[in-house]
Amino acid sequence: MATTTSSAAGTSEGGRVAEEWRARDQRAVAGAYSRYTDLVIEDAAGSYLVDVEGRRYLDFGSGIGVTSLGHQQPDVVAAVHRQVDSYWHTSVVTQHVRLTEAAEKVASICPDPLDTVFFANSGAEVVEGALKLARRVTGRRGLIAFQGGFHGRTFGAVSVTTSKVHYREGYGPLLPDVYLTPYPYCFRTCSHGPEEPCPIAEGRELERLFKHVIPADEVAAILVEPIQGEGGYIVPPKGFLANLRRICDRHGILLICDEVQSGVARTGKWLAVDHDGVVPDVVLLAKALGSGLPLGAIVASHELMDRWPAGAHGSTFGGNPISCAAAVATLEVIERQGLLQRATDLGDRIQAAARRWQGEVGGPRDVRGRGLMIGLEFLDSTGQPDAERVEEIRSVCLSQGLLLLSCGIDDNVIRLIPPLTLSDQELALALEVMEGAVLRGGNQ
Ligand SMILES: Cc1ncc(COP(=O)(O)O)c(C=O)c1O
């Protein structure tokens, strides 16, 4: 992850306070915990982060897709306050009502028959849980994941993560019986023509895997991001998920969709799989679910969950009352404010603007995404990934008060993941700043 510096944003004397915090951070915090920018934040409200010197930044990163309602959404704040003044923790010692309510609410946003929930604290934890669930209930060993995927940092999750080798380097041996297969990243890695069907999306590589590497009847699960996130905001061709569903049905394999980043209204539907009408066996949620309070959910049918014996998995903190209260409030706000439609409308406007930049010198070569999960991919004049250009754009934007993140296997994709509550004025401001940065031209 490249760190974009905010120095141009205000090198007033003010810089000194932030510098002092950075020095303290460097002394006290593990270097492995790197940050995307050197901003030092002390406050946040709505779509803005505020640093220790009072500078405001329009937050188009949303804490990596978490604060989808912006910061301090009043109804979520009120629900959390109410819960803080009540009980905080029971763990698995008792049942508690907030967890039951949250499970019902989460089930209500998932397609039938996914109506049963296991709560954990994070994305990686629900990935771990789902891999265990798959092996336990199928009695099979094989786990298939996609190249370029990101599923988290714990041992099981990093074993199925290949968006960057850095995440795996030095940690082996990882979980055995993980098999990797290409993701249909047609813009970069496929050789078929734009109008031709994609063999990867049709499942040809999986057939080869079953023929040469692991028999299909030894595979417990296929784990997939319906839109690849950290790997570059890659939207697969139509039919890809439906083909996975067919392959899984044919061989008794569980289809696990990791919607940790794409779920909870981010793409303009509750789940990204809803765009394709595909129903996975297991859906994984986290990130935006608790609006910033730690919560992850494994969602499956009652029939499947019933095959996972009592006590086969557990968590001290998973589904804590405060996170559950935040989740119920978050989902209610999304419903009440019509944010599925808002995400779609805002996303369409951003993509329309970005497509205008596409034809310009230095503009993105590919514009893609769904709702407010949008990637702009940059290549240099020789067609190679241009991470430098992305860094330059992020840096120019940050100096003008707009915080952007990058992603992609080569860090050459700007990802736009603002709050779904973004106002029209905030959108206009962000587009103006981005346009200025993008159209300054690159070395194309
Ligand atoms: C698709 C996906 N799965 C899992 C994770 C891991 O989530 P966490 O960082 O909460 O462990 C992420 C985090 O970015 C993600 O994008």
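Helix α13 passes helix α15 in a right-handed crossing, where right-handed means that the near helix is turned clockwise from the far one by less than a right angle. Helices here are DSSP runs of H or I with at least four residues, strands are runs of E with at least two, and both are numbered from the N terminus.

Now, a word on the model: it is predicted, so local features need pLDDT of at least 70, side-chain atom pairs count only at pLDDT 80 or more, and totals for chains, interfaces and linings use all residues. Residues are numbered from 1 along each chain as its sequence is written.

Back to our pair. The axes of α13 (residues 339–358) and α15 (residues 424–438) come within 11 Å and cross at roughly 20 degrees. That makes the two helices roughly parallel, a label for angles under 35 degrees. Axes are lines fitted to C-alpha atoms, for helices over the stretch in contact, with angles from 0 to 180 degrees between N-to-C directions.

Which residues of α13 meet α15? They are Leu346, Arg349, Ala353 and Trp357, and they meet Leu427, Leu431, Glu435 and Val438 in α15. Contact means C-beta atoms, placed from the backbone, within 7 Å.

Let's turn to the sheet. Four strands form an open, antiparallel sheet in the order β11-β12-β15-β14; two strands pair if DSSP finds at least two bridges between them. At the edges are β11 (366–370) and β14 (405–407), each pairing on one side only. α13 turns up again here: this helix lies across β11, β12 and β15 (413–416), running at about 175 degrees to β11.

Key
Parallel < 35°, antiparallel > 145°, perpendicular 65-115°, else oblique. Contact = placed C-beta atoms within 7 Å.
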